[in-house]
There are 2 protein chains.
Amino acid sequence: MPRVADHHARRGQITDAVQRLVVRHGLTAVTVARTAAEAGMSVGLVQHYFTAKDEMLLATFTRVNRRFSARVDELVNRGEAEGRTIAEMLRQALAELMPLDDARRAEFLVRLAFTDQAAHNARLAAVQRETHVGIRSRVAQAIRNGTVCGEVVQGTDAADQALRIVAFAEGLALHTHIDPDTTPKSAVLAALDDQLGRVFTGTCRRAQPGSSAAGGTVP
Amino acid sequence: MPRVADHHARRGQITDAVQRLVVRHGLTAVTVARTAAEAGMSVGLVQHYFTAKDEMLLATFTRVNRRFSARVDELVNRGEAEGRTIAEMLRQALAELMPLDDARRAEFLVRLAFTDQAAHNARLAAVQRETHVGIRSRVAQAIRNGTVCGEVVQGTDAADQALRIVAFAEGLALHTHIDPDTTPKSAVLAALDDQLGRVFTGTCRRAQPGSSAAGGTVP
DNA sequence: GCTATAACCGTACGTCTATATTGCTATCGG
DNA sequence: CCGATAGCAATATAGACGTACGGTTATAGC
């Protein structure tokens, strides 16, 4: 048998290079030549590991999504293990959606680019859908398992609550991306906190719907 | 003087063609040749009206955004003129964000594509930002002007409320796009209604935070 | 009706891209 | 130690793209 290489690692090098290029210059700037250069290898080698560019991009998106939902899962699991309330737990988990630091901003850009691409690519769309329903169902399960003021929530449509709270988080993430100046970190996290508190601690601490608990627009 | 043409109309034909192409095949599939064919003219003529492809795309995005926020404005204005409550008014206006029919789905796809592109193009980003802050500030003004249970809302940070409700709507829009099957029209509109009711009619009709008013997942 | 000029067309050019192909190199099994 | 084979590199190729450019047509003003 001939020489061997760590197939998985090599593919990882390539998809990581793709990610960096997407973050820096967008998905349109990703060419196999540039990817090879970024990964420090030849174009021929990239071809050796991905028969076509589409496969390379699909693998990249799959990896990103896997890592992403794994991280959300882990945070929810930890929250449950530590016996946190639903609000506390989801706050930790959903903050992962937001582009609040460089790492998460980078990931957000990649997800955004592929979200667009997925609109006209069935395989990317499938990966996207899978990830989204996975996260939503994990959140729903957490809501079902979780406690509010020491009691388990019941009678609520957890799947629906999950949709709403995840959608809210993603909307905030988008706004943070589009206009960070008028949507500062503090305001976004305050909004998320407030919303979670409003929904998941309402049975003991009555919400005061007319008043905002926002921390204002601190720079 | 030589023959004259309706400059504005011609440019409109071209940007409309770009929009159709984006909807059908995505922004990457937009070439000047294809755009010319779609618009029923020659490549030379497209060049005559847009010196470069970038200008063409920028003009397209600008037009889309202008139309979009004009429509939101109009709906808010109408709601105010008809003396609707904040919740009723915003429900009408924010439904415009969602891809619930073919026309709005098309517009959503265009906005999504350009949102991605704007991440690495300063001019597109500026247009995007402008549109977003415009809509948010209009919504904020509507909240300040609006009534809840016959009374004007006061003491609330309207800008912050606007951010939250618009972000929520956009998050729902994104989920509708990504997975229409598990995020049906009815559920999305119910979520929006419920959220608006929860926030803007709380002073008279106490919210019951633990219970969901969702209409279920009807096909 | 002449003419200047905008409107409009077709094509050629240079660049960039994905991918096919060819060949070299290192190493594992025998 | 040797050859089969995977790992890897370099180049060739065919096509698509944006845009420059030369040419044609029609019309507004004189």
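A polar contact is a pair of N or O atoms within 3.5 Å; within protein, one must be able to donate a hydrogen and the other to accept it, and residues adjacent in sequence count only if both atoms are side-chain atoms. The model is predicted: local features need pLDDT of at least 70, side-chain atom pairs count only at pLDDT 80 or more, and totals for chains, interfaces and linings use all residues. Residues are numbered from 1 along each chain as its sequence is written, chains are lettered from A and ligands numbered from 1 in the order written, and side-chain values use heavy atoms, with hydrogens and water left out.

DNA strand D is surrounded by 20 residues, each with a heavy atom within 4 Å of the strand. The closest are A:Pro2, A:His48, B:Met1, B:Arg34 and B:Lys53. A polar side-chain atom of A:Arg3 lies 3.5 Å from a base nitrogen. For B:Pro2, a backbone N or O atom lies 3.5 Å from a sugar or linking oxygen. Two elements give two or more residues to this surface: α3 (43-49) of chain A and α2 (32-39) of chain B. Helices here are DSSP runs (H or I, at least four residues), numbered from the N terminus. The most comes from α3(A), with 5 residues. By class, the surface has 10 nonpolar, 5 polar and 5 charged residues. Ala, Val, Leu, Ile, Met, Phe, Trp, Tyr, Cys and Pro count as nonpolar, Asp, Glu, Lys and Arg as charged, and the others, Gly among them, as polar.

An unreviewed UniProt entry places a "DNA-binding region" at residues 31-50 of chain A; such annotations may be inferred rather than shown by experiment. This span is 75% helix and 0% strand, and its end C-alpha atoms lie 13 Å apart.

Between the protein chains, 52 residues of chain B are in contact with 53 of chain A (heavy atoms within 4.5 Å). The buried area is about 4400 Å², of which carbon and sulfur atoms give 60%; this is the accessible area (1.4 Å probe) lost on being put together, summed over both parts. The interface has 2 salt bridges (a side-chain nitrogen of Lys or Arg within 4 Å of a carboxyl oxygen of Asp or Glu). One of them joins A:Asp194 and B:Arg164 at 2.6 Å, N to O.

Conventions:
Buried area = accessible area lost by both parts, 1.4 Å probe.
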